[in-house]
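Let us walk through this structure, beginning with a single side chain and widening the view from there.

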Amino acid sequence: MTKLGILEGSLRRASLSRAAGRAAAGLVPEGMQAVALPNPGTLPLFNQDVLDEGMPDAVGAFIAAVQGVDALLIVTPEYNWSIPGGLKNAIDWLSRKTPSPLAHKPVAIWSVSPGLLGGARVHEGLRNTLLSQDMRVMAKPEVQIAGAKGKLDVDAGRVTNPDTEAFLRGHLSGFATFCNAWGGA
């Protein structure tokens with residue numbers, strides 16, 4: 001059983017990407033179990049001075065949760081053509097743990113946006129950051145949920161568009177195969 005940790009890139013409770021992340025839990029194939037990771041908004045801003053005084057409890061719990069999964073699905077919006085600050089902060093905290101809880105873990109990215117590009121510009125920068133952590137990034141197919149307001153029910157955390165749901169199920173099935181190919185999941 002591959003334990004898939006779902007990491008949200010948005011801090012907003014009524015976020016489209018958080019809705020897609022919650023929906024992903026019901027779309028995983030047999031042999032995969034989805035686990036919601038703590039939201040990055042629970043973490044303090046990374047500061048080496050804070051770390052020098054000791055690992056904050058929220059960060060320790062976040063690291064333990066990431067260590068407890070075999071693979072990651074990051075579901076995120078795009079902010080200013082790049083990675084949301086809260087998500088980048090979470091990765092920065094994870095990068096300070098030795099051994100790294102991210103190293104050699106398979107990871108897939110879903111971007112979500114009400115706009116026409118679906119958050120496409122977040123992929124490149126996020127992939128580069130994840131590769132710097134020695135993660136195994138599934139780069140294709142890219143998942144960009146454009147026009148997400150018409151495809152997701154934020155309150156219910158589910159996909160309402162049948163074509164989008166079928167595509168996401170297929171992507172997760174392909175990701176399960178990708179995870180198994182790396183032998184770690």
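The side chain of Ser111 makes a polar contact, reaching the backbone oxygen of Gly119 at 3.3 Å; such a contact is a pair of N or O atoms within 3.5 Å, where within protein one must be able to donate a hydrogen and the other to accept it, and residues adjacent in sequence count only if both atoms are side-chain atoms. The model is predicted, so that local features need pLDDT of at least 70 and side-chain atom pairs count only at pLDDT 80 or more, whereas totals for chains, interfaces and linings use all residues. Residues are numbered from 1 along each chain as its sequence is written, and side-chain values use heavy atoms, with hydrogens and water left out.

Ser111 lies in strand β4, which spans residues 106-112, strands being DSSP runs of E with at least two residues and helices runs of H or I with at least four, numbered from the N terminus. Because its relative accessibility is 0%, Ser111 counts as buried, a term that means under 20% relative accessible area with a 1.4 Å probe and protein chains only. Beyond its neighbours within four places in sequence, Ser111 is in contact (heavy atoms within 4.5 Å) with residues including Thr76, Gly119, His123 and Gln144.

Around this site, the chain has six helices and eight strands, arranged along the sequence as β-α-β-α-α-β-α-β-α-β-β-β-β-α. Of its 185 residues, 48% count as buried, and of the contacts with a separation of 6 or more, 81% come from residues 24 or more positions apart.

Technical notes
Buried < 20%, exposed > 50% of the residue type's maximum accessible area, 1.4 Å probe, protein only.
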